[in-house]
Amino acid sequence: MNVSDSRAAGVGAALTAGIEQVAEEIGALLRSGADSGARIPGARWSVGEAAAHLALANELMADLAAGRERPYGDGTPAGLAAANAASLAAFTERDADALAAGIVRGAEAFTAASAGRFADEPVLTPMGPMDLGTLGSYLLTHMLGHGYDIARALRRPHMVDAERVELTLPFVKTAMPRVVDGRAAAGHSACYSLRVRGGGRFAVAFTDGTAAVSAEPPRRPDCTIMTEPVTFLLIALGRCGATEALVRGKVVSWGRKPWLAPRFPGLFTAP
């Protein structure tokens with residue numbers, strides 16, 4: 001494939017490495033005699049169910065990267081949850097070693113397929129249209145969320161770190177307007193400046209309950225929120241509460257309306 005100077009092939013070396021490494025780290029957790037029946041704290045799924053979901057999701061995203069159409073849900077958090085439940089009911093494998101192999105195989109298939117395409121090529125995903133590079137960020141984010149759950153259930157160190165959180169930001173920024181909680185955000189108008197400590201920054205502006213994400217605030221921010229990287233992703237994925245993070249100093253806020261910070265995560269339904 002001839003690659004022009006203005007377009008990038010694949011999803012990039014850092015994201016490719018992150019996807020493959022995280023898949024292998026999750027696989028290593030499962031291959032170390034993991035109890036597939038162990039319950040994930042605060043969740044409905046067991047380790048085996050979370051691993052099965054990852055194996056299925058990685059295969060689905062590899063197919064999308066290869067240009068195959070794979071309808072899955074209706075793009076809403078509720079629709080994704082229903083599709084997840086249906087796919088798990090149909091896929092009954094819960095052997096930890098077999099699922100570890102499936103997770104790694106799907107991640108490697110994704111990076112192999114994406115290497116033959118351009119990062120800005122459009123793809124239709126379970127959360128709506130995005131480009132291939134953002135789909136890679138989606139895959140990594142998804143594995144980090146469920147990998148974190150599996151590690152907690154098995155009482156092992158998790159694989160979320162600041163470098164990997166930086167790679168999730170393209171997907172997080174794309175997903176935010178699509179997962180606004182209509183009831184929580186109804187009538188809400190405010191401009192937030194979000195900063196990940198030591199990394200990226202962007203803005204989210206609500207206008208009468210509708211969110212728009214941009215690189216820079218479109219108007220003077222009402223509230224600036226700076227978050228430690230790992231905490232940022234865990235809050236975004238619904239694995240950590242904002243109030244607790246504020247108390248622990250993992251989140252700081254300032255501006256004209258700093259009291260908006262604890263409310264901000266509740267304006268979204270975690271995907």
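Visitor: Where is D208 found in this predicted model, and what makes its phi stand out?

Guide: D208 is found in the loop between β4 (201-207) and β5 (210-214), and its phi is positive, at about 50°, although D208 is not a glycine. Most residues other than glycine have a negative phi.

Visitor: Why is D208 called exposed?

Guide: The relative accessibility of D208 is 57%, and exposed means over 50%, so D208 counts as exposed.

Visitor: Which other residue has a positive phi although it is not a glycine, and why is that residue called exposed?

Guide: R155 has a positive phi of about 55° and is placed in the loop between α5 (132-153) and α6 (162-175). Its relative accessible area is 78%, which is set against a cut-off of over 50%, and therefore R155 is exposed.

Visitor: What makes up the lining of the largest pocket, by class?

Guide: That pocket, with a volume of about 820 Å³, is lined by 31 residues, of which W45, N84, H146, R239 and P271 are the closest to its centre. By class, 19 of the lining residues are nonpolar, eight are polar and four are charged, and the largest share of the lining, seven residues, comes from α5.

Visitor: How many residues line the second largest pocket, and how do they divide by class?

Guide: The second largest pocket, which holds about 390 Å³ of space, is lined by 26 residues, with M176, I235, A236, F264 and P265 nearest its centre. Its lining divides into 21 nonpolar residues, four polar and one charged.

How values were computed: Residues are numbered from 1 along each chain as its sequence is written. This is a predicted model: local features need pLDDT of at least 70, side-chain atom pairs count only at pLDDT 80 or more; totals for chains, interfaces and linings use all residues. Side-chain values use heavy atoms; hydrogens and water are left out. Helices (H or I, at least four residues) and strands (E, at least two) are DSSP runs, numbered from the N terminus. Buried means under 20% relative accessible area, exposed over 50%, partly exposed in between (1.4 Å probe, protein chains only). On a 1 Å grid over the protein atoms alone, a cavity is a set of points where a 1.4 Å probe fits but cannot get out, and a pocket is an open set with protein on both sides within 12 Å along at least five of seven lines; lining residues have an atom within 4 Å of a point. Grid points are joined across faces, edges and corners, and a volume is the space filled by probe spheres set on the points. Ala, Val, Leu, Ile, Met, Phe, Trp, Tyr, Cys and Pro count as nonpolar, Asp, Glu, Lys and Arg as charged, and the others, Gly among them, as polar.
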